Amino acid sequence: MYLMEGKIKTKKLCYDHSTDTPFNAEILELREYKSKNEDAIAVLLDKSIFYPEGGGQLSDLGSINGVRLLNVIEHDDEMLHLISTEDSGSLKPGSAELLLDSRRRRDHSQLHTGQHILSGTLFRMTGARTVSMHMGEETCTIDVDAKELSIETLNSVEDAIADIIEENRRVTLHLCPPEDITTFPLRRVPPIGEEVIRVLEIEDCDIIACCGTHVKSTAEVGMLRILGAEKYKGMTRITFIAGRRVLLDSRKLRENAGIISRALSIPVMEIGKGVLELIEKMNRGEKRLKAYEERETAEKAEALIVKANAAIAGDSKRPAIIIEYYPVEDSNTILNIGKIAQKKTMATLILISETELKFAGFASEKDFDLREFLKEAFEKHRGKGGGSPSFFQGSFDSRGALDEFTRALVN
């Protein structure tokens, strides 16, 4: 550790330490850390075995004297090990035992090395260059400068990657200097201004400047699966997984496939066909149900029209107000009933959905304002809603308030 312009410079040992063997360091300072996304306590160490978030790779996690790390970042030329504010009293300046989450480190190293195999193979087979990479907790993505990549092409790339992994090719890390970076045929221009540039070389596959963590041979990647590709900002975004994530993904898919297989009583390898047949069957059923519901709605609307027109004929001196309760119909159904009936009667219709405590009002007389007619009772019983002179809809918090509202309309 040394101070540079008043800042703590932590010695990085993440490339030399990848196991869960405890490591001794010194806590030099603890300070509050606030950002847009989190409030935490930043722990500054003299040396660290944790990889800080960067270069598209997530940070290492683990613990300091048993206190769990939330994240490790580089901020303003300092390396910050973030812990919860609730754990701030558990640490103090002095000696510390660092413990690396080695499973997470291996996961990230497999993914990052797999990404280079993917990018190098894509470039060799299609000429598509990787523009950016992002590692997520579940999947990873790369963006490549190709507008479209066919499924056949991606399958061929995936097969070629499987060959590279099975051939157990060497993964070598070069430090420049002491090595001369100009001697390497890099796939991408290296960063400028770095004192030491790490160059990753995967035998006969890829060679590029990279600061991430990696495995020592392609066989350690285990497996890489391309999950899909989509258009993104004029490029193509490829989603992939590698290492143990492929095993976990396969396990989850098999479990879900088994659930579908048992539910449909078909073999696992035929569930795609079975699901499509089920969807088609459901679509046919929905069409029949819709036709039935439309007929039923039309019949209920016709019954309402008869009732409304009879009320008009019975007393032509006062506006006919028809309040109709529907015990099982939802608000969409009463809306459809009202729209049909409104065209064939001059009566004012107040239709109630008992299950939803909602109502819809319809009026056809040109000189009649439904809003003014409903206003006093609606506001008195704390209804919620609104509308126009010819249509109004609202709801109430209780059945009692709804009933009081409708009684007020006829008194």
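**Entry 1: ground rules.** I began with accessibility: buried means under 20% relative accessible area, exposed means over 50%, and partly exposed lies in between, with a 1.4 Å probe and protein chains only. This is a predicted model, in which local features need pLDDT of at least 70, side-chain atom pairs count only at pLDDT 80 or more, and totals for chains, interfaces and linings use all residues. Residues are numbered from 1 along each chain as its sequence is written, and side-chain values use heavy atoms, with hydrogens and water left out.

**Entry 2: confidence.** I checked pLDDT, the predictor's confidence in each residue, from 0 to 100. The mean for the protein chain is 93, and 97% of its residues reach 70 or more. Residues 1-5 stay under 50, and for them the model has 8 contacts beyond four places in sequence. Contact here means heavy atoms within 4.5 Å.

Entry 3: I used helices (H or I, at least four residues) and strands (E, at least two) as DSSP runs, numbered from the N terminus. N168 sits in the loop between helix 2 (151-166) and strand 14. Is N168 buried or exposed, or something in between? N168 counts as partly exposed because its relative accessible area is 42%. Its phi is near 55°, a positive value in a residue other than glycine. I noted for myself that most residues other than glycine have a negative phi, and most peptide bonds are trans.

E167 belongs to the loop between helix 2 and strand 14, and is partly exposed at 46% relative accessibility. The side chains of E167 and R169 are joined by a polar contact of 2.7 Å. A polar contact is a pair of N or O atoms within 3.5 Å; within protein, one must be able to donate a hydrogen and the other to accept it, and residues adjacent in sequence count only if both atoms are side-chain atoms. I also looked up E167 and P191: they are 24 residues apart in sequence, and their C-alpha atoms are 31 Å apart in space.

**Entry 4: two cis bonds.** P177 lies in the loop between strand 14 (171-176) and strand 15 (197-202). The bond joining P177 and P178 is cis as well, with omega about 15°, and P178 lies in the loop between strand 14 and strand 15.

**Entry 5: D204.** Further along, D204 lies in the loop between strand 15 and strand 16 (206-209). D204 has a positive phi of about 55° although it is not a glycine. At 64% relative accessibility, D204 counts as exposed.

**Entry 6: a buried glutamate.** E78 is part of strand 10 (residues 78-83). Why does E78 count as buried? Its relative accessibility is 9%, so it counts as buried. Its side chain makes a polar contact of 2.8 Å with the side chain of R31. Setting aside neighbours within four places in sequence, E78 is in contact with K7, I8, R31, L44 and I73.

Entry 7: S261, in helix 3, is buried with a relative accessible area of 11%. Beyond four places in sequence, S261 is in contact with I266, P267, V268 and I271. G386 lies in strand 22 (residues 384-387) and counts as partly exposed at 31%. With sequence neighbours within four places left aside, G386 is in contact with F392 and Q393.

**Entry 8: pockets.** On a 1 Å grid over the protein atoms alone, a pocket is an open set of points where a 1.4 Å probe fits, with protein on both sides within 12 Å along at least five of seven lines; lining residues have an atom within 4 Å of a point. Grid points are joined across faces, edges and corners, and a volume is the space filled by probe spheres set on the points.

The largest pocket has a volume of about 1400 Å³. Of its 47 lining residues, K12, E74, E194, V196 and C211 are the closest to its centre.

The second largest pocket has a volume of about 530 Å³. It is lined by 19 residues, and D107, E137, R244, R245 and L248 lie nearest its centre. Helix 1 (102-126) and helix 3 (244-264) each supply at least two residues of that lining.
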